[in-house]
Amino acid sequence: GFSFSVGLLFCGISAFAAAVFLVGESTEKLDRLRFLRMAKWAQIALVLLGGLVFVCAWLDGLPLLRLYLQHPLALISVALATLAVPLLWWSLYQGRYWLARFTAAFQIGMILLGWVAVQYPVMVHLRGQQGLSLMEALASEQVQFYAVLALLAGSALIFPALYYLFRVFKLQDSPRPS
């Protein structure tokens, strides 16, 4: 249950980010209102899914809530993500979409920072065994080297295509000279 709830939480984070980012991309008022409504419901769902993660952790015997309450950085990150909610909604309703995007990204970053702070240095907890820390999961230098090469090669293919897609779709939105 815990792993499934974490997966749902991260799906919710993706839906929330997409809705907030699409508010600023929409050109029609009805579309903008629809994305605003989606963003609002996605943020409500995130709160509920976050609660579900804590409940599932408790049911699985993981002291996640206690870990959050005992870790200052986790508490600060949750508090900052929560305090950013009014700024997000003010910026969305005022049409300040870049500020809204930054605020949503900040909220997501704070959620992730709190999660990592609670988990660090053990990132994978194994039932009945010692957990797997970052250093224990570290790949060899040779694997890291080839992974970097693969990322560079993939980026050389993907980034020009993404640039082309953004350019084509942004040109459709802007007035064209006749």
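Predicted model: local features only at pLDDT ≥ 70, side-chain atom pairs only at ≥ 80, totals over all residues.
Packing of two helices is considered at the start. Two packed helices are described by the angle between their axes and the distance between the axes. Helix H2 spans residues 29-59, and helix H4 spans residues 72-93. Their axes come within 12 Å of each other. The crossing angle is roughly 170 degrees. Angles over 145 degrees count as roughly antiparallel, so H2 runs roughly antiparallel to H4. On the H2 side, the contact is made by Leu36, Ala39, Lys40 and Gln43. H4 contributes Val85, Leu88, Trp89, Leu92 and Tyr93. By class, the residues of this contact divide into seven nonpolar, one polar and one charged.

The patch is formed by Ile76, Leu80, Leu83, Leu87, Trp90, Leu99, Phe102 and Phe106. Together these residues have about 760 Å² of accessible area. H4 gives the most, with five residues. Isoleucine 76, one of the patch residues, lies in helix H4.

Salt bridges were examined next. The structure holds two. In one of them, the side chains of glutamate 25 and arginine 101 meet at 2.9 Å, N to O. This pair links distant parts of the chain, 76 residues apart. Glutamate 25 belongs to helix H1 (residues 2-25), whereas arginine 101 belongs to helix H5.

Terms used:
Residues numbered from 1 in each chain as written. Heavy atoms only, no water. Axes fitted to C-alpha atoms, helices over the stretch in contact; angles between N-to-C directions. Helix = DSSP H or I, 4+ residues; strand = E, 2+ residues; numbered from the N terminus. Parallel < 35°, antiparallel > 145°, perpendicular 65-115°, else oblique. Contact = heavy atoms within 4.5 Å. Nonpolar A, V, L, I, M, F, W, Y, C, P; charged D, E, K, R; others polar. Patch = residues over 30% accessible without salt bridge, like charges linked within 9 Å, V, L, I, M, F, W, Y side chains within 5 Å. Areas by Shrake-Rupley, 256 points an atom, 1.4 Å probe, with all protein chains shown as cover. Salt bridge = Lys/Arg side-chain N within 4 Å of Asp/Glu carboxyl O.
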